[in-house]
Amino acid sequence: MAGQATAATALLTKRKIAHSTHPYDVSPDAPRYGALVAAALGVPPERVFKSLVTEVDGALAVAVVPVTGELDLKALAAVLGGKRATLADRADAERATGYVRGGISPLGQRRRLPTVVDASALAHDTVYVSAGRRGLQLQLAPADLVTLTGARTARIAAG
């Protein structure tokens, strides 16, 4: 769609990866934001994933988890061989990825960060992740997401 190009969509187009974009209108400050995005898209919430920039032992990393759950920081740290994980400072996350909060995509980031995708993504034919702008989601195969981000897959979602 015209006017919807982002670094994430440009990467997918360049690599000829099957995907589609889906606009939605939900305030990024709304409570239960992820569930509202899923409802706006008309898809089950377990297929919509959020990208969280974290800090594991002082190094930035990305965790991609279903919007229906929370990130298990201990599990993430263990997968990445660290001792402690926290959510990254908003400014650090935006600077490293080139995206703003509410629109951070795991794809097409300014600096490629170590990424872990929750293993539950592999149970779906396609999943939804941010396209790199608030109000726009990407739908793609989870295997393509894992390949393009160089991600590891593991159980990192709590709940």
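Modeller: Contact means heavy atoms within 4.5 Å. This is a predicted model, where local features need pLDDT of at least 70, side-chain atom pairs count only at pLDDT 80 or more, and totals for chains, interfaces and linings use all residues. Residues are numbered from 1 along each chain as its sequence is written, and side-chain values use heavy atoms, with hydrogens and water left out.

Biologist: Which residues does Leu145 touch?

Modeller: Leave out residues up to four places away in sequence. Leu145 then touches Val64, Pro106, Leu107, Val117, Val127, Val129 and Leu140.

Biologist: Which residues touch the most other members of the largest nonpolar core?

Modeller: General idea: in soluble globular proteins, nonpolar side chains tend to be buried together. Buried means under 20% relative accessible area, exposed over 50%, partly exposed in between (1.4 Å probe, protein chains only). A nonpolar core is a set of buried Ala, Val, Leu, Ile, Met, Phe, Trp, Tyr and Cys residues joined through side-chain atoms within 4.5 Å. Here the largest has 27 residues, and Val53, Leu107 and Leu145 touch the most other members. Helices H1 and H4 and strands S2 and S3 are among the elements that each supply at least two residues of this core. Apart from it lies another core, of 12 residues, including Val56 and Ala63.

Biologist: What are helices and strands here?

Modeller: They are DSSP runs, numbered from the N terminus: helices are H or I, at least four residues, and strands are E, at least two.

Biologist: Which residues of H1 are buried?

Modeller: An α-helix has 3.6 residues a turn, so residues three or four places apart point the same way. In H1, Ala8, Thr9 and Leu12 are buried. They cover an arc of only 95 degrees around the axis (taken from the directions from the helix axis to the C-beta atoms), which puts them on the same side of H1. Thr13 and Lys14, on the other side of H1, are exposed. Strand S1, S7, S8 and H5 are among what covers the buried residues of H1.

Biologist: In what order do the strands of the open sheet stand?

Modeller: Two strands pair if DSSP finds at least two bridges between them. The 3 strands run in the order S1-S8-S7, with antiparallel pairing. S1 and S7 stand at the edges with a single partner strand each, so one side of each is left without a neighbour in the sheet.

Biologist: How many bridges join S1 and S8?

Modeller: The two pair over 5 bridges. Ser20 has Gln139, in S8, as its bridge partner.
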